[in-house]
Amino acid sequence: MRERILRLATAVWFITLVAMVLRTAFLAYKACLIPAQVLATVPFQNEVGNVASAFAQGQGFCCLFRQPTGPTAWLAPVYPLLLACIFKLLGTFTLRSFYAAVLLNCIFSSLACIPVFHAAMRLGGTAAAAVAAWLWAIFPSGIILPFEWIWDTSLSALLAAALLWATFKLSDSSRRRGFALYGLLWGLSLLTNPALATLLPFLFGWLLYRRGENRSQHARLALIAITLIFLVCLPWTVRNYRQFHRFVPSRSNFPFELWSGNNKIFDEHSREVNRITRYEQVRLYAKLGENAFLDDKWRNATNFIRSHPALYAELFGRRIVATWLGSESPWSDFARTDSPLARFLLVWNALTLFGVIAGLVTLYLRRRTHFIPVACFPIVFPLTFYIAHTSLRYRHPCDPVLALLIAVAVARAGGTDYVGIG
């Protein structure tokens with residue numbers, strides 16, 4: 001009986017099933033607290049819901065703010081088109097569409113247990129793999145965000161974990177088919193969440209480095225993957241150039257994101273403090289069009305950064321804290337809040353950061369050859385958000401890898417033999 005329990009506890013299919021149960025249980029709990037008419041509309045009142053609605057109604061990839069403002073490249077196409085399919089089948093802004101979208105998010109989040117398990121197996125054996133998958137199964141953001149955000153967040157987490165696993169798997173493979181599938185996976189990932197592109201040079205570079213004397217052969221295989229990435233992304237890039245007469249490989253919204261976290265509202269001496277509203281920005285977008293609107297935001301953001309270097313450095317530091325602890329002032333927020341859930345999440349975030357650091361140190365000391373592809377997730381991926389603006393939601397795609405790092409530290413601390421596969 002003990003052996004059966006142990007086998008079950010280390011079975012990735014069982015851990016994935018438990019993850020799905022936890023996520024759907026949270027969905028059921030929250031849905032009981034919120035009126036049906038709210039669930040059918042409010043979660044879709046964002047850019048993804050607006051574009052998906054327009055596409056489902058045959059208007060094309062457009063209408064970013066639910067107004068006839070024309071085509072947009074503000075979002076990468078995969079998730080809005082996926083949501084548009086749900087709208088087409090189950091109705092636009094209906095309760096059935098809400099449940100379908102959230103359940104799909106839950107499936108994406110739960111399935112991330114599989115690549116996390118197999119990637120951790122490469123680093124620390126069965127014990128580390130099981131701990132990593134279980135950690136991801138109970139990870140608060142993995143349980144909460146599929147319900148809270150009908151966005152590409154959960155799908156991006158699955159794809160990011162899959163990219164790491166596929167990178168490890170290809171490190172000892174010379175099959176063209178494997179590299180072709182790797183290129184297709186990267187293409188899908190970039191058209192889902194272009195922020196994952198920051199990881200591409202590190203994962204590809206590590207693959208080439210691992211081949212040693214076979215680097216020339218591996219470079220040819222890597223070229224197959226890169227070619228397929230290019231071919232997958234090309235139709236969307238061509239569409240954007242035809243619509244906007246400029247090079248937009250995936251999405252165009254970075255100037256707005258940069259301005260959102262770096263503008264005069266953060267300057268206590270500015271006369272414009274507390275005067276920025278969503279209505280004002282939507283009206284300006286409709287008036288100028290997407291190109292001119294984003295050009296204006298780029299000018300304003302870069303001028304602000306140049307003219308406020310000390311304030312920008314402060315904001316940069318505050319965003320680092322917020323990315324990892326969930327708040328720019330976690331200690332005072334912990335003392336002020338009367339929500340047990342908020343306090344739990346603040347403590348969990350602090351423990352996660354400690355575990356990630358311990359995992360990075362352990363990985364560097366024990367499995368240094370695998371350090372770069374794992375470390376680039378917590379070190380490189382969040383850089384874009386430090387520069388622009390941040391939230392735990394933006395960090396979420398690398399959360400499964402954070403669970404893996406914590407598992408590496410836990411397995412080592414538990415005295416488990418540190419023997420991986422790769």
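Student: Is Phe385 buried or exposed?
Tutor: Phe385 has a relative accessible area of 11%, so it is buried (under 20% relative accessible area; exposed is over 50%, partly exposed in between, with a 1.4 Å probe and protein chains only). This is a predicted model, where local features need pLDDT of at least 70, side-chain atom pairs count only at pLDDT 80 or more, and totals for chains, interfaces and linings use all residues. Residues are numbered from 1 along each chain as its sequence is written, and side-chain values use heavy atoms, with hydrogens and water left out.

Student: How many aromatic pairs are there?
Tutor: The count is 30 aromatic pairs. Rings of Phe, Tyr and Trp (its six-membered ring) pair if their centres lie within 6.5 Å; planes under 30 degrees apart are stacked, over 60 edge-to-face, and the rest tilted. One of the pairs is Phe65 with Tyr285, edge-to-face at 5.1 Å centre to centre and 85° between the planes.

Student: Where do Phe65 and Tyr285 lie?
Tutor: Phe65 is in the loop between helix H4 (47-56) and helix H5 (78-90), and Tyr285 is in helix H14 (residues 278-288), so the pair ties together parts 220 residues apart in sequence. Helices here are DSSP runs (H or I, at least four residues), numbered from the N terminus. Phe65 is buried at 13% relative accessibility, and Tyr285 is buried at 2%.

Student: Which residues form one aromatic cluster?
Tutor: Phe65, Trp74, Phe256, Trp259, Tyr285 and Phe293.

Key:
Helix = DSSP H or I, 4+ residues; strand = E, 2+ residues; numbered from the N terminus.
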